[in-house]
Amino acid sequence: MEAAKVPQQRSEQLLDAAVRYTEERHWDVCPGTWLEAAEGTERCSCGNAGCASPGAHPTGPDWAGQATGSGAAARRMWSRHPKASILLPTGRSFDAIDVPESAGFLALARMERMGLPLGPVTCSPDRRMFFFVLPGAAAKSNELVRKLGWRAAAIDLVGRGEGHYVTGPPTRVGARGAVQWARRPTPANRWLPDAEELISPLAYACAREAADARARLSRDALS
């Protein structure tokens, strides 16, 4: 199956992107940590040398309460910390279905051929893809996958809803690279699909990738 490709990205300032998300999409945004130069390298502003997501996570436990849907407030926040990552809280304007990148691209190509409605889709440097869907997806994704004959945890499909977030482009995650749009927000995808519309191709692609991974492990164990 041919995988979809990430379109060419144009550079954009974090402040401009954060304001645009609030004004054009009416999404809440929250500034997260950022990268700081230190001894010839970059480290997370949290100060943890072993940070798992350098420059791309909340600054504290009250992060959700700091999120704003105001473009003016977003401009003030990122004017104070221009390098702050952009966190987009889920469970408000949208939920996200989080899948492995390899499965996500396979599913994306299939959904495009089927003509299914698609919302924005991000691709993170740690090889995960996030499909934006209507709120409520996280609460029902496990049951939807179960009805298709799989367990969501076993095929690495995760619903992100209230209390979670996705990292918004063009946030950079340490030296790994930047979060990118696999399908960027446009007027055509302003109306998000429901989870039911996408769950079947996503679950199928995740199950296929999980089965391939198990087969590789078996071959490696025998060799």
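Student: What volume does the largest pocket have, and which residues are closest to its centre?

Tutor: This is a predicted model, and its largest pocket holds about 320 Å³ of space. The lining of that pocket is made up of 17 residues. Those closest to the centre are S53, D126, F130, Y165 and T167.

Student: Which element gives the most residues to the lining of the largest pocket?

Tutor: Two elements each give two or more residues to this lining, namely β7 (128–133) and β9 (165–168). By class, the lining has 7 nonpolar, 5 polar and 5 charged residues. The element that gives the most, with 3 residues, is β9.

Student: Which strand gives the most to the lining of the second largest pocket?

Tutor: The second largest pocket has a volume of about 200 Å³. Its lining includes L14, L35, E36, A37, K83 and P170, and the lining residues divide into 5 nonpolar, 3 polar and 4 charged. The strand that gives the most, with 3 residues, is β2 (residues 35–38).

Student: Which strands form the edges of the sheet of 3 strands?

Tutor: This open sheet has the order β1-β4-β9, and its pairing is antiparallel. An edge strand here pairs on one side only. The edge strands are therefore β1 (30–31) and β9.

Student: Which residue of β9 is the bridge partner of I86?

Tutor: Strand β4 (residues 86–89) and β9 run antiparallel and are joined by 4 bridges. In β9, the bridge partner of I86 is G168.

Student: What angle does the direction of helix α1 make with that of β4?

Tutor: Helix α1 (residues 14–25) packs on the sheet. In doing so, helix α1 touches β4 and β9. The angle between its direction and that of β4 is about 15 degrees.

Student: Why is one side of β8 and of β10 left without a neighbour in the sheet of 5 strands?

Tutor: The open sheet of 5 strands has the order β8-β5-β7-β6-β10, with antiparallel pairing. β8 (158–160) and β10 (180–183) stand at its edges, so one side of each has no neighbour in the sheet. The reason is that each has a single partner strand.

Student: What is the average twist from one strand to the next in this sheet?

Tutor: Within this sheet, β6 (residues 121–123) and β10 pair in the antiparallel sense over 3 bridges, and C123 stands opposite Q180 in β10. From one strand to the next, the twist averages 30 degrees.

Student: What angle does the direction of helix α4 make with that of β7?

Tutor: Helix α4 (residues 101–114) packs on the sheet. The strands that helix α4 touches are β5 (95–100), β6, β7 and β10. With the direction of β7, the direction of helix α4 makes about 45 degrees.

Student: Is the peptide bond from P169 to P170 cis or trans?

Tutor: P170 lies in the loop between β9 and β10. Most peptide bonds are trans. For the bond from P169 to P170, however, omega is near 5 degrees, and the bond is cis.

Student: Is phi of H26 positive or negative?

Tutor: H26 is found in the loop between α1 and β1. A negative phi is what most residues other than glycine have. H26 is a residue other than glycine, yet its phi is near 60 degrees, which is positive.

Definitions and conventions: Residues are numbered from 1 along each chain as its sequence is written. This is a predicted model: local features need pLDDT of at least 70, side-chain atom pairs count only at pLDDT 80 or more; totals for chains, interfaces and linings use all residues. Side-chain values use heavy atoms; hydrogens and water are left out. On a 1 Å grid over the protein atoms alone, a cavity is a set of points where a 1.4 Å probe fits but cannot get out, and a pocket is an open set with protein on both sides within 12 Å along at least five of seven lines; lining residues have an atom within 4 Å of a point. Grid points are joined across faces, edges and corners, and a volume is the space filled by probe spheres set on the points. Ala, Val, Leu, Ile, Met, Phe, Trp, Tyr, Cys and Pro count as nonpolar, Asp, Glu, Lys and Arg as charged, and the others, Gly among them, as polar. Two strands pair if DSSP finds at least two bridges between them. Contact means heavy atoms within 4.5 Å. Axes are lines fitted to C-alpha atoms, for helices over the stretch in contact, and angles run from 0 to 180 degrees between N-to-C directions.
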